[in-house]
Amino acid sequence: MKRLFCLMLISFVYVQSINCKSQLIQIIRKFQSNGIPLTTYEDYESELNIHTVERSSGPYTYGYRRFEEDSLYFTKKENAYCKEIFIENIKTKLIAMMQISGSGRFPYLTIYSFNNEKNLYEIYAEFEYRYLIPIEIDGVTKFLEIEDNFDIKTTEGYKLLELKNKKLYLIDAAKVEYEYQLSTDDKKWISANRLKKMAAFDYSMLGYKEDHPETININRVGKEIIGELYYTSVGYLPSNYSIRILESGTLLKEIESVWGFTIAKKENKEYLVYIGMGEEPGDMRYATFEEFYLIVIDLESMKKIYKSYITSKMKIK
């Protein structure tokens with residue numbers, strides 16, 4: 001069975017290359033446009049199983065236990081890929097197997113090598129929390145690493161790596177920046193610079209010196225706005241705020257899963273501006289700091305007066 005390995009990358013994010021080696025750029029473009037077809041564990045089940053893998057657990061204890069009967073269902077369900085790889089100066093057969101598991105959907109890569117004397121596969125190397133995709137270049141396997149920020153669920157860069165002596169070594173790297181595609185109407189409420197600050201949990205514009213302030217209090221037009229941080233590197237959502245709007249101690253409105261929020265002033269009136277998932281029927285219920293809904297609430301009437309869907313362009317440099 002083949003699977004297009006796309007991970008968390010949004011298919012309609014565009015790429016602009018800046019001063020980066022052509023080989024890595026070509027690999028990234030291929031990955032983004034078509035994905036990389038990879039086989040899965042079901043293609044290797046007869047070769048990697050409870051009878052063929054050495055019982056030693058390995059540093060992270062995933063090597064053998066994932067093939068036990070009680071774990072096999074989840075092993076198949078959480079498998080991202082399983083593929084034979086080819087490393088210079090290694091003649092034994094190697095199979096790379098990546099699982100995406102846990103509440104954080106974190107990647108765990110195990111590389112098995114076949115021991116001819118034992119007639120069993122044993123663990124050659126293991127890597128945690130790294131999205132590593134095998135790429136064939138001139139008959140040798142290299143790895144494309146996608147560097148994700150688990151705090152905000154956003155891609156920050158790419159690396160091209162080679163495996164030597166059970167360790168990964170850098171061949172080339174590229175960093176990622178995002179340019180938010182704001183319309184003229186969007187810019188009336190927020191700037192791209194402020195969006196980038198909110199993506200970094202920088203609330204210095206509201207007087208908070210530290211990043212990731214746990215509680216944000218704003219008092220405007222007789223209303224108290226309280227933002228409480230859900231700070232996480234696990235789960236399907238990025239770190240985010242829940243917002244409560246109160247008047248004289250009475251709760252007027254509560255908003256969950258807000259990626260960031262601020263106050264905008266326009267024509268002597270003040271508005272709550274926030275970004276996050278859609279809230280209405282038909283809206284997307286998944287968003288990241290790469291794409292999201294921009295929503296504006298009139299703090300006097302408490303009515304939603306503006307809504308826009310913001311995307312971004314990815315620059316690789």
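Contact here means heavy atoms within 4.5 Å, and helices (H or I, at least four residues) and strands (E, at least two) are DSSP runs, numbered from the N terminus. The model is a predicted one, so to speak of local features takes pLDDT of at least 70 and side-chain atom pairs count only at pLDDT 80 or more, while totals for chains, interfaces and linings use all residues. Residues are numbered from 1 along each chain as its sequence is written, and side-chain values use heavy atoms, with hydrogens and water left out.

Helix α4 (192-199) is a handy place to start. Its buried residues (buried being under 20% relative accessible area, exposed over 50%, partly exposed in between, with a 1.4 Å probe and protein chains only) are L195, M198 and A199. Looking down the axis of α4, these buried residues fall within an arc of 105 degrees, so they line one face of the helix; the arc is that of the directions from the helix axis to the C-beta atoms. The partners of the buried residues of α4 are β11 (167-180), β15, β16 and β17.

Seven strands make up an open sheet, ordered β12-β13-β14-β15-β16-β17-β18, with antiparallel pairing; two strands pair if DSSP finds at least two bridges between them. At the edges are β12 and β18 (304-310), each with a single partner strand, so one side of each has no neighbour in the sheet. From one strand to the next, the twist averages 35 degrees. Axes are lines fitted to C-alpha atoms, for helices over the stretch in contact, and angles run from 0 to 180 degrees between N-to-C directions. Helix α4 packs on this sheet, touching β15, β16 and β17 (292-298), and its direction makes about 135 degrees with that of β15. Within the sheet, β15 (residues 250-266) and β16 (residues 269-276) pair in the antiparallel sense over eight bridges, and G260 has I275 in β16 as its bridge partner.

A second open sheet has four strands in the order β4-β5-β6-β7, again with antiparallel pairing. Here the edge positions go to β4 and β7 (120-128), each with a single partner strand, so one side of each is left without a neighbour in the sheet. The twist averages 20 degrees from one strand to the next. Strand β5 (residues 94-101) has eight of its eight residues buried, so it is largely enclosed by the rest of the structure. From β5, L94, A96, M98 and I100 point one way and I95, M97, Q99 and S101 the other, and all are buried. Six bridges join β5 to antiparallel β4 (residues 79-85), with E84 facing I95 as its bridge partner in β5.

A search of the whole structure finds 21 salt bridges, a salt bridge being a side-chain nitrogen of Lys or Arg within 4 Å of a carboxyl oxygen of Asp or Glu. K118 forms one with E122, the closest N and O atoms being 3.5 Å apart; K118 is partly exposed at 43% relative accessibility, and E122 is partly exposed at 22%. Another salt bridge joins the side chains of K142 and E162 (3.3 Å, N to O). This pair links distant parts of the chain, with K142 in β9 (residues 140-149) and E162 in β10 (residues 154-164), 20 residues apart. K142 is buried at 12% relative accessibility, and E162 is buried at 17%. R220 and E270 form a salt bridge too, their closest N and O atoms being 2.9 Å apart. R220 lies in β12 and E270 in β16, so the pair ties together parts that are 50 residues apart in sequence. R220 is partly exposed at 27%, whereas E270 counts as buried at 19%. Finally, E279, E280, D283, K304 and K307 are linked in a network of salt bridges.
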